[in-house]
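User: Got a model open here and I'd like to talk it through. Can you help me find my way around it?
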Amino acid sequence: MKEVVLKNSKILFRNDGLVEVIFGHHAVIDLDDCYDILNVYKQELTEKKAPILHVLGNYTNFTSEAKVYGASPEGLSFSIAEAFLYNSLPHQIIGNFYLSINKPSVPTKFFKSKEEAETWLKTFL
């Protein structure tokens, strides 16, 4: 497994084919963070797409620009499916709002259980 550490996140390229992005507690993810993550995907995945698990830290937040970019074709260019693991009711509410407003172009779901998220993502391998 390869690990890349960025300013507000850590990216794991797992042996099971999933990519796991762990966001820091209290992190505010902005457009620059999105570009940094995408550049790592570009280096590590080259032309491949992968199912991606996003693990939200306590009080992780995303700027409006980051949400729009994250749901865009460019922001999803290395993703075949996205699962977000949340740990709080506010994250669940924001997640539902994100899905209804931003409408990501790849299958995207929010989960409270990491095991359920991983099982769902592995159906895309």
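User: Let's start with Tyr-41: skipping neighbours within four places in sequence, which residues is Tyr-41 in contact with?

Analyst: Keep in mind that this is a predicted model. Beyond those neighbours, Tyr-41 is in contact with Ile-11, Phe-13, Val-19, Val-21, Thr-46, Ile-52, His-54 and Phe-78.

User: And the largest nonpolar core, how many residues does that have, and which have the most contacts inside it?

Analyst: That core has 25 residues. Ile-11, Phe-13, Val-19, Val-21, Tyr-41 and Leu-45 are the ones with the most contacts inside it. Two or more residues each come from β2 (9-13), β3 (19-23), α1 (31-45), β5 (50-55) and α2 (64-71).

User: Which element gives the largest share?

Analyst: α1 does, with six residues. There's also another core lying apart from this one, made of ten residues, including Leu-53, Ala-81, Ala-83 and Leu-85. As background, nonpolar side chains in soluble globular proteins tend to be buried together.

User: What does Pro-51 touch, leaving out neighbours within four places in sequence?

Analyst: Pro-51 has contacts with Gly-17, Leu-18, Val-19, Ile-80, Ala-81, Leu-121 and Leu-125. Leu-125 is 74 residues away from Pro-51 along the chain, yet their C-alpha atoms are separated by 7.3 Å.

User: What about the second largest cavity, what's its volume?

Analyst: About 40 Å³. Its lining is made up of Leu-6, Lys-7, Asn-8, Ser-9, Phe-23, Ile-29, Asp-33, Asp-36 and Ile-37. α1 gives the most to that lining, with three residues. Four of the lining residues are nonpolar, two polar and three charged.

User: Phe-23 lines that one, I see. How many aromatic pairs turn up across the whole structure?

Analyst: Eight. Phe-23 and Phe-62 make one with ring centres 5.3 Å apart and planes at 80°, so that pair is edge-to-face. Phe-23 is in strand β3 and Phe-62 in strand β6, so the pair ties together parts 39 residues apart in sequence.

User: Is Phe-23 buried or exposed?

Analyst: Buried, since its relative accessible area is 5%. For another pair, look at Phe-111 and Trp-120, which is tilted, with 5.7 Å centre to centre and 45° between the planes. Phe-111 and Trp-120 are both buried. Ring pairs also link Phe-84, Tyr-98 and Phe-110 into a cluster.

User: Backbone next. Which residues other than glycine have a positive phi?

Analyst: Among them are Thr-46, with phi of about 50°, and Tyr-59, with phi near 65°. For context, most residues other than glycine have a negative phi.

User: Where do Thr-46 and Tyr-59 sit?

Analyst: Thr-46 is in the loop between α1 and β5, while Tyr-59 is in the loop between β5 and β6. Thr-46 counts as partly exposed because its relative accessible area is 45%. Tyr-59 is exposed, at 63% relative accessibility.

User: Last one, His-26. What does His-26 touch, not counting residues up to four places away in sequence?

Analyst: His-26 touches Asn-58, Tyr-59 and Thr-60. His-26 itself is in the loop between β3 and β4 (28-29), and its relative accessibility of 58% is why it counts as exposed.

Note on methods: Residues numbered from 1 in each chain as written. Predicted model: local features only at pLDDT ≥ 70, side-chain atom pairs only at ≥ 80, totals over all residues. Heavy atoms only, no water. Core = buried A, V, L, I, M, F, W, Y, C linked by side-chain atoms within 4.5 Å. Buried < 20%, exposed > 50% of the residue type's maximum accessible area, 1.4 Å probe, protein only. Helix = DSSP H or I, 4+ residues; strand = E, 2+ residues; numbered from the N terminus. Contact = heavy atoms within 4.5 Å. 1 Å grid on protein atoms, 1.4 Å probe; cavity = no way out; pocket = protein on both sides within 12 Å on 5 of 7 lines; lining within 4 Å. Points joined across faces, edges and corners; volume = space filled by probe spheres on them. Nonpolar A, V, L, I, M, F, W, Y, C, P; charged D, E, K, R; others polar. Phe/Tyr/Trp six-rings, centres within 6.5 Å; stacked < 30°, edge-to-face > 60°.
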